[in-house]
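Hello,

Here is the structure I promised to pass on. Please open it first, then read my notes below.

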Amino acid sequence: MGEKEWGYLQQAFASNWIAPLGPCVDKFEDEIADYLQVEAVAALNSGTAALHLALKLLGVSTGDFVICQSFTFVASANPILYLGGIPVFVDSEPASWNMDPACLQDAIEWCLQQGKKPKAIIPVHLYGMPADMNSINAIADKYEIPVVEDAAEALGSTYKGTACGSLGKLGVLSFNGNKIITTSGGGALTGNDDDLIRFARHLASQARDPAPHYEHSTMGYNYRLSNLCAAIGLGQMEVIDERVIQRRHNYYYYKDKLSDLPGIKFLPEPEGCFSNRWLSTILVDETKTGGISNQKIMEVLAKESIEARPLWKPMHTQPLYKNAKAFTNGVSEKLFAQGLCLPSGSNLKLAELDEVIGLIRSLFITSEIPGKASYGGKLIDISAPRPSKESMNVK
Ligand SMILES: *Cc1c(COP(=O)(O)O)cnc(C)c1O
């Protein structure tokens, strides 16, 4: 939390708007719209709800194809199943780790051969890194298929100067507890079609028709964001830029202190892309590290009660989606095999980052010379500081 959330919550309590509507919800929507430079935003109780409504608004129903990035969190794909749709998964390209335009093209052509145009395309900006949206949008435009941009991990990221979350027909944000800013749980649907977003709000509040009594002509959902959560969100919007800086600092600090190690690779931003670096990630190539794997690094950190995690397991390799059609190129499977998310919290202290770095570097010590390690006959300096627990001021 920042410094303002508590104040906004107190205001919400004082006004007695303890409901899934209220002035904080309206203001939160305006602030997000302003931040992303979009026409309209519907504040919802999760990113998953936003994806569900997005697909519903685009008319996805039983038997419809929806194309989804395979390398993602399961919430990107599940709403396709909620609506009885058929997910078609598309692999990633190495430059952004996100949807590969070539595989996307193949997937669309395959759907057309089955006699049905896909109802939507869901690219994801994984870990905050923007997908190749110009190429994806060009293909989507050619076939006239709407794009639902899953920007759940990418608030604060931009693509060629334009905010992630504003690049498709509809955009999805998440304010879950683990995201760059949070309302404890929440999400938003964004777009430039005012009527569509207004209809999303209608569906999200049980689709009540205008009448003195409760009149319903369509099936709705209970998906609106609570005014209390929106109050937290107002405080969080004041610190979003600071959070992006903190996350990016983590990334550059790790990169500076680890990228000389053989077999450890970071993902640079492709031309024109700005990542919020929600999570700092590395690839660990065992054939170049001298047998040190991502698993091994995870174990060494876990021994010190430091959590690191593998990257998202591609959807086309999940038991849930084992029968789904997928257009693959090997990239996401390789990323899953080699990848690791390092500790990436916005409040990490330098000493904590140094501890992670020190533990990883300690794995690479193979030389008899203190502070040096040897690779292919070359000696490199590995003497990163290894702070003691006392000096760390851990909360
Ligand atoms: C978190 C996340 C979601 C879902 O958001 P919730 O608010 O947790 O429902 C969807 N897609 C991606 C890529 C996510 O990381």
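Start with strand S8 (residues 170-174): 5 of its 5 residues are buried, so the strand is largely enclosed by the rest of the structure. Buried means under 20% relative accessible area, exposed means over 50%, and partly exposed lies in between (1.4 Å probe, protein chains only). Strands (E, at least two residues) and helices (H or I, at least four) are DSSP runs, numbered from the N terminus.

Before going on, note that this is a predicted model: local features need pLDDT of at least 70, side-chain atom pairs count only at pLDDT 80 or more, and totals for chains, interfaces and linings use all residues. Residues are numbered from 1 along each chain as its sequence is written, and side-chain values use heavy atoms, with hydrogens and water left out.

Back to S8. In a regular strand the side chains alternate between the two faces of the sheet. Here Leu170, Val172 and Ser174 point one way, while Gly171 and Leu173 point the other way. All of them are buried.

Which strands pair with S8? Strand S5 (residues 148-150) runs parallel to S8, joined by 3 bridges. Val148 has Leu170 as its bridge partner in S8. Strand S9 (residues 187-191) pairs with S8 in the antiparallel sense, over 5 bridges. There, Ser174 has Gly187 as its bridge partner. Two strands count as paired if DSSP finds at least two bridges between them.

Now the ligand. It is surrounded by 16 residues, and the closest are Thr48, Asp150, Glu153, Ser174 and Lys179. To count as near, a residue needs a heavy atom within 4 Å of the molecule. By class, this shell has 5 nonpolar, 8 polar and 3 charged residues. Nonpolar covers Ala, Val, Leu, Ile, Met, Phe, Trp, Tyr, Cys and Pro; charged covers Asp, Glu, Lys and Arg; the others, Gly among them, are polar. Helix H3 (residues 47-57) gives the largest share of the shell, 3 residues.

Look at two contacts. A polar side-chain atom of Thr48 lies 2.5 Å from a ligand oxygen atom. An N or O atom in the side chain of Asp150 is 2.7 Å from a ligand nitrogen atom. Taken alone, the ligand exposes 380 Å², and the protein buries 94% of that. These areas come from the Shrake-Rupley method with a 1.4 Å probe.

Last, the whole chain. Its secondary structure comes to 13 helices and 16 strands. Buried residues make up 55% of its 395 residues.

Best wishes

Note on methods
Polar contact = N/O pair within 3.5 Å; in protein donor to acceptor, adjacent residues only side chain to side chain.
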